[in-house]
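This report is meant to be read beside the sequence and the model. Please keep both in view while going through the sections below.

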Amino acid sequence: MLADPALKEAFQSLETKLMEYYPDIDMALIRKAVDFASSAHGDQRRSSGEPYIVHPIGVATILAELHMDKDSIITAILHDTVEDTHASLEDIAKVFGDSVSELVDGVTKISRITFRTSEEKQAENFRKMVVAMAKDLRVILVKLADRTHNMRTLDYLPEKKRRLIAQETLDIYAPLAARLGIHWIKAELEDLCLRHLKPEIYYKLAQLIAKKKSEREKYIDEVIKNIEENLKEYSIKGSVTGRPKHFYSIYKKMESRNMNIEDIHDIVAFRILLDNITECYKALGVIHAVYKPVPGRFKDYVAMPKPNNYQSLHTTVIGPTGERMEIQIRTQEMQQIAQSGIAAHWKYKEGRADGANQNKMEWLSRLLDSQKNLKDPTEFLESVKLDLYPGDVFVFTPKGLVKEFPHGSTPLDFAYAVHTDVGHRCVGAKINGKIVPLRYRLRSGDVVEILTSTTQNPSKDWLKLVKTSRAISKIRAFLKQIERTKARELGEEVLERDFRRFRTNLEKATKTTEMAHVIKDLGYKSLDDLLVALGYGKLTSRDVSRKLFPPEVIDSPSEEAQKEKGIFQKIISTALRKSDARNVVMVSGMGDVLIRFAKCCHPIPGDPIVGFVTRGRGVTVHNTSCKKALDSDNDRRIEVEWTKVTKADKEGKPLGPKRSVKVKVFCNDTPGMLASMTQTISGQGVNISQATVRTMKDKKAVCVFEILVTGVDQLNKVISSLESKEGILNVERQKS
C-alpha cells in the first residue's frame, strides 16, 4: 500500500494529524479504508502524475485539520470510489457500515453537480446541494475539503478548465466555507481563485508584498511587543500574533476603494487569544487606551455571534506609525470555532453533530424554504447567492431578540423577516422609539418596531429598498399575482369580444368538451393559464378561435376585421425592419418576431438571455441576471436564444452583428495611458464608439469605453488584454 513515496508521505501526514486530536482512533480501520480505495483506484493517476489515491488521502488530511469524526475521514478516503471505480455503495456498507455508505452516496451526488450549465439546470443543482446539506452537513464538509485539495493542484489542468473551476469555487464554495465558519478554507480558496482568474494581479500583489516583507515583519514584532507589555501591565495573560491579510481581501479592498496596493496600509491583522470572555473586554479597554480607535470600526461578535456561531471582538485602531491596523480579540474556544466553524461542534468519538448548534444555522433553513417555494430558477439562484453572503448589521426586536441583516437593509427587510403579512402591510417603523420612513437604513444596535396598516400593499418601488432574499421574493410574488390577475381579466375580455363574432360567449364555450381539448392542444393546464397567456400577448384570440370553430367560419372574416389585420401587419413589418435584433435572436425557434434589447442590461451575444412578452411591443430580451427581468412575471417569459453566426472574415473571426457594450477601467493617471488603452482595444479588432475620462485627485483616472463587439468572447479578450497592462488597476463590464 505504502510503496509509492508520495503515497507514504501523504498517509504519514494524515496519521500525524489524526493522532493529535483523536489518539484512540482505530488506525487499522483508516488503513483498511486506504487499502480499499487504493485497490479500487488501481493504476489511476492524477494530471500531476501522482497515484490517484494521494488525492483522497489529502482530502482526509484537510478534514483531520478540522478535527472531524472517524466516519467523515473514511468517507473522504472513499469519496471517489463509487464515481470513478467498480466499487459500489453496497461494498462500502458491508465493510465500513451504513453511515459511511450514506455519506459517500451524498458526496458522490454532489460531485456530479456542475454549476457551469444552463440556468434551469444550475438551479436544480443548487437544490440538490441544499437538500444534501440539510440532511447531513458532513457531506458538504467533505466536498469543501475535496474542492480545497483540487484547487491546490489545479496547475496541471488546461487554462480554460482552470478558470471555469476557479470561478465556480469563488461563486459557490468560498462563500459556503464562510457561511460554515471555516475561514481558513475560505481565505485559501479565494487566494487560489485569484491566482487562476487574475494571475497578473495576484503575482503583482505577491511581488509587492514580498518586497516589503522585512519591513512588515519588523512592524509586526514591534506592535506585538507593545501589546504584550500593555496587557502584562494589567495582569492580562494571553498570546498575541500578527499576520498579513490574504491576497484576495487586499485585492477586494483595492477594488472597492479604487486604490493601488502602495496606498493600502492596513494589510496586517493582529489577534489576541485569552482565557475567558471577561479578559477579552478588559483587553479591548487596554487596546483602546493605547491606540486611538477608528470610529464605527468596532464590532462585538461575542455578545452578538454571527449565524455560523463565530465570536470575536473586532476593532480597528491607529497604529504606532499612524497607519490603521485591525485587532481581533477572542478566547481559545472562540479561536477553535473560528478555525473549524460548524465542524468544531462535531463530537468525533460519537460521530454526530451537536444538534443545538446545528439548529443555529438559520440561513440553511432559509435556503430550504427557498428551494421548496421558489419555482422560478432565476429567483432561486439569486436567493441562494444572497443567503450565502452573510450580513453585518445586528438589530433588536422590542422583546430584545437579535436579528442579523445585510448592510443597507431597511425596516421592510425586518418586517418580512417577522412575517410575510407584516411585510405586506408595513407603512413605516419606530427605530429606538422614533418614527422613520421605509427607506431608513438599519444600523447595528437599533431597536425596531414595525408599523402596519390594513390598507397597505407592496409596490414595485419596494424592490429598490430591500436587501434580503426573503423580502425580495415575497414582494415579487405579490406583484406577480397582481399582474397575473390583471392579465387574466384582459385575456377574458379579449376572448369574450372575439367569441361574439361567432355568436357565442366565453361561459358557453367553457362548458363544451371542445374547449377543454383546445386548452390542452395549446399547451395549457387550465382555462386560467390560457386567459393569462392571452392577456400577456403570448397567444391571440385567433389562435383559440382557429381550433374551436370550423375553418370556413374563421376564413371568412368581416371587412372590418380584414382592415384591422392589414394595419396590424403593416405595423409589425415596419417594426421588424427597424429592429436591431432581427436575425440575431430566435424566439421559440422562430426568427421573424418583433424583438428589442433591454436598455437596463444591454445583453450581447454569448450572454445568458431570457425573453419577456410585452403586449404591443413584441419580445424584450434581458440578461438572465437583470433585476428587471427577475421582477417580471414568469408567465410572460418566453424561450429565446442567440442565432449562430456562420460567416467569418479572412482571419476566421465571426462577422455577426455587433452590439454596443461599456467597459469601465480604473487606472493610474500617467502620460500615454489613454493612448495605450485605445491601442489595446483596437488591437483586438474592436471599434470604440465613445469614451469618457474622469481624473481624480490621487493621480487616478476612471475611463468608460463604449465599444462594439460581436459577443462575450471578444469582450473577454478585450478585458483580459487591458488587465495585463501596467498601471491598470481594475477592468469590468458596465451593465447599466
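## Terms and basis

Two strands are said to pair if DSSP finds at least two bridges between them. Helices (H or I, at least four residues) and strands (E, at least two) are DSSP runs that are numbered from the N terminus.

The model is a predicted one, in which local features need pLDDT of at least 70 and side-chain atom pairs count only at pLDDT 80 or more, while totals for chains, interfaces and linings use all residues. Residues are numbered from 1 along each chain as its sequence is written, and side-chain values use heavy atoms, with hydrogens and water left out.

## The four-stranded sheet

An open sheet is formed by four strands in the order β21-β22-β20-β23, with antiparallel pairing. Because β21 (687-695) and β23 (728-734) each have a single partner strand, they stand at the edges, and one side of each is left without a neighbour in the sheet. Neighbouring strands are turned by 20° against each other on average, direction ignored, where axes are lines fitted to C-alpha atoms (for helices over the stretch in contact) and angles run from 0 to 180 degrees between N-to-C directions.

## Strand β20 and its partners

Strand β20, which spans residues 659-668, pairs with β23 in the antiparallel sense over six bridges. Along this pairing, K662 stands opposite Q734 of β23, and K664 stands opposite E732 of β23. The antiparallel strands β20 and β22 are joined by ten bridges, and N668 stands opposite K700 in β22.

How many of the ten residues of β20 are buried? Seven of them are, so the strand is largely enclosed by the rest of the structure; buried means under 20% relative accessible area, exposed means over 50%, and partly exposed lies in between (1.4 Å probe, protein chains only).

## Helix α31 on the sheet

Helix α31, made of residues 712-723, lies across β20, β22 and β23, and runs at about 165° to β23.

## The loop residue H419

Elsewhere in the chain, H419 lies in the loop between α20 (411-418) and α21 (420-424). With a relative accessibility of 42%, H419 counts as partly exposed. A polar atom of the H419 side chain lies 3.0 Å from the backbone nitrogen of D421. The C-alpha atoms of H419 and A471 are separated by 9.8 Å, although these residues are 52 residues apart along the chain.

Notes:
Contact means heavy atoms within 4.5 Å. A polar contact is a pair of N or O atoms within 3.5 Å; within protein, one must be able to donate a hydrogen and the other to accept it, and residues adjacent in sequence count only if both atoms are side-chain atoms.
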